[in-house]
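Thanks for coming. I will go through the side-chain contacts in one model, starting with charged pairs and ending with the core.

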Amino acid sequence: MAKRRARRRPNEQSNFWESVVFKWGTKLFLGVLIVVVLLTVVQCSLESPEAPSWDTQLTVPLTNHQYGMEEILERIAQDGLSMDSAGVVSYSITKQLDTVYIDSAEMRTPDLSYSVDKQLDDINVVLDPVGPVTVTAVDALNLGTGYPGDQTSVDPVGFTVSTEMPEIGTCDSMTVASGSATAIVYNNLGLDLDQANVRIFDRNKQDTVGWGTFTGGIAAGATDSANIPLVGQTFTNALDLIIIAHTPGGIMDQVSTRDIRSSIAFDTLGASMAVAAVNPDTLDFSQQVTLDESGVIDTAVLTSGTLAITLNNQTEMSATVVVEFPDFTGASGLLKVEREIAAQSQTEVNLELAEYQLVPADVVAPQLLAINCSAYMAGSEGQRVTVTPEDGFSVSANLTSLEFASVTGTFQNSTATFDNVHESIDLPTGFDQIELTSATLTLEVENGIDLPGSLDISMTGNNQKQLSLAGDIAARGSQLISSVSTIVNTDVADFLSPIPTEFDVTGAVTLGGDGVRGTVRAGDFILGKVTFASPMEFVMNEATVSTDPERSEVDQGDIDMITDHVNELRLTYNIRNALPVGASVRLLVDPDSTHLTADSADLVIDLAEVSAGTTTGGLVTSASETGERQVILSNADVRILENPELFVATELMLAASNGTVRVTGDNYIDVTARIEVDYRFDGEF
């Protein structure tokens, strides 16, 4: 419990030195004494009072930032620089080469042209037999008259029997291309004929048509025949059959009944020229043309193509002409054109061949494709018509604009070239002088074609260096999924030192080969992608890296009075460097972020150089430091603070490395800087 102070009794004795009078009197006396002394010192002369003043400081932070390697890469914002989750920094360049497509032009085959005809050199003419015609023995052997007992003795004798045959009713004349006639003789002379020949004679032309022989003669009472070739012979409808024979003689009985009978029968004759009744007939003719391809096509599906056919009937008879292309098939079967063509007329036919398939019967390159034609002639129906050697049928066919959706077969080497592919590389600032000591080139080839092959390319950089790369390419396969083949070269550091800013690619993709079979489709492609990669292990020459600007705000409350009373303006900074190379730092300060260059910034401040961090085995193990340093600025520089905001960019000038160094995610450079203004505060503000 707090204690209370007790009240003093009235009858207690009073203490003077403790009294209120003594205390206040003493204070009054001391006050008067001080005034007297002051007046004496100043000799009773007082001046007007002055405002107080003192020195003070304004501090404006410019930057206080550690640029870690990840942020440096991000601020550089340069394609190709990256850092993985393990902190490994690498530089890579990826460029896509030309895509080689199998386009419509490469899925075409040259036009096919057929021109085939057939003349009526073997038209079917059927002639009715003529005869038989009978000549009596008396007339044949010139025996005279009077035969007692109707019997006579005949000496050995040769004789000729000329028989006038009836006219041929279905023919006026003809020239025979194929076939023959048969002379038929019945020997009813009662005597053997030990020799017998026969001749067909044209009465109108007075010319022999043909000869035949009865080998061994004709026995008495026998019927025999002799073949008479007619090929190349021209005859009319009036024929004689002349028999030239010899008999050894003998007794002829029943003389009055004896005779010799003859007739002519004709094969189905082929006529090259005729005025005759022509029977129905069929003419077959064909042709083969060469498919102008180096490989062998098993099957090809057409996306387009046109068949144009002209059918010409140059005969006096109507005919049905059928034209077949046995190597082409469609949904309805074989590619075939069939048309009825009137006598002496022509028909034209055009067909679209989309979705037809080409399946050549010939499996050896160069492949032959056939056209088979047939002309079915109805005949003259008993009427005589004129047939000449110029008569016949002709077929012209053109298969044009043959374009394939896919081709399956065996492909010979086919080469597609990369022709002067030009690529540019955007280098990070300063990387134009970097010399890589370790780099790998990876070429990925995506093959969308069902053919294996090889790639052989050459790259030439504007650093006057050249690099060649070659390797095999796997086929796409039957699943219609592109294959990816990877070709790696681990010895490309020299080509990339210094890194070229431009390079040209030339080379070729070769597909197929002897015995290589596959399927190629329109739109199939080969895509090449080349990647250069380095783990940022290099010999570094001097390089400059600029960062994005930072923004600082300046309080403008009394800034004009501050800048008018500056005693000293200075920049205070410190740099810590954990990079494997030395560096110096330049600060660029300007109220306009677009003016942050050494030539246009309002304030350009070069800071002291900081040495490289301590390295072991090329890796930084500890940072170096400048320590806090100052740069004295001019009084004119202070006017930059009269801007409400300032932008500060940092330029890192990296020194050349001493040998090979390596950059990792642990590397950084730390820059802190501030502007300090010493000014005097006085009565003016």
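Which side chain meets D494 in a salt bridge? That partner is K465, with N and O 3.1 Å apart. A salt bridge here is a side-chain nitrogen of Lys or Arg within 4 Å of a carboxyl oxygen of Asp or Glu.

Before going on, the ground rules. This is a predicted model, in which local features need pLDDT of at least 70 and side-chain atom pairs count only at pLDDT 80 or more, while totals for chains, interfaces and linings use all residues. Residues are numbered from 1 along each chain as its sequence is written, and side-chain values use heavy atoms, with hydrogens and water left out.

Back to the pair. D494 sits in the loop between strand 34 (483–489) and strand 35 (502–511), and K465 sits in the loop between strand 32 (453–461) and strand 33 (466–473). They are 29 residues apart. Strands are DSSP runs of E, at least two residues, and helices are runs of H or I, at least four residues, numbered from the N terminus. D494 is exposed at 54% relative accessibility, whereas K465 is partly exposed at 22%. The cut-offs are under 20% relative accessible area for buried, over 50% for exposed, and partly exposed in between, using a 1.4 Å probe and protein chains only.

The structure holds 16 salt bridges. Another of them joins E403 and R108, whose closest N and O atoms are 2.9 Å apart. E403 is in strand 28 and R108 in strand 4 (residues 108–109), 295 residues apart. E403 counts as buried because its relative accessible area is 17%; R108, at 45%, is partly exposed.

R570 and E676 also meet in a salt bridge, at 2.8 Å from N to O. R570 lies in strand 41 (residues 566–577) and E676 in strand 50 (residues 668–681), so this pair ties together parts 106 residues apart in sequence. R570 is buried at 7%, and E676 is buried at 7%. Both belong to a salt-bridge network that also takes in E568, E628 and R674.

Now the aromatic pairs. How many are there? The count is 2. Rings of Phe, Tyr and Trp (its six-membered ring) pair if their centres lie within 6.5 Å; planes under 30 degrees apart are stacked, over 60 edge-to-face, and the rest tilted.

Y114 and F325 are edge-to-face, 5.6 Å centre to centre with 70° between the planes. Y114 is in strand 5 (residues 112–119) and F325 in strand 22 (residues 319–330), 211 residues apart. Y114 is buried at 2%, and F325 at 0%.

F235 and F266 are stacked, at 6.2 Å and 10°. F235 is in strand 15 (residues 234–236) and F266 in strand 18 (residues 259–266), 31 residues apart. Both are buried.

That leads to the core. A nonpolar core is a set of buried Ala, Val, Leu, Ile, Met, Phe, Trp, Tyr and Cys residues joined through side-chain atoms within 4.5 Å. The largest one has 123 residues, and F235, F266 and F325 touch the most other members. Strand 28 (residues 392–411) gives this core its largest share, 8 residues. A second, separate core has 41 residues, including Y67, M69, A583 and V661.

Finally, what does F235 touch, leaving out residues up to four places away in sequence? Its contacts (heavy atoms within 4.5 Å) include L127, I168, M174, V209, L230, F266 and L269. D172, D202 and K205 are also among them.
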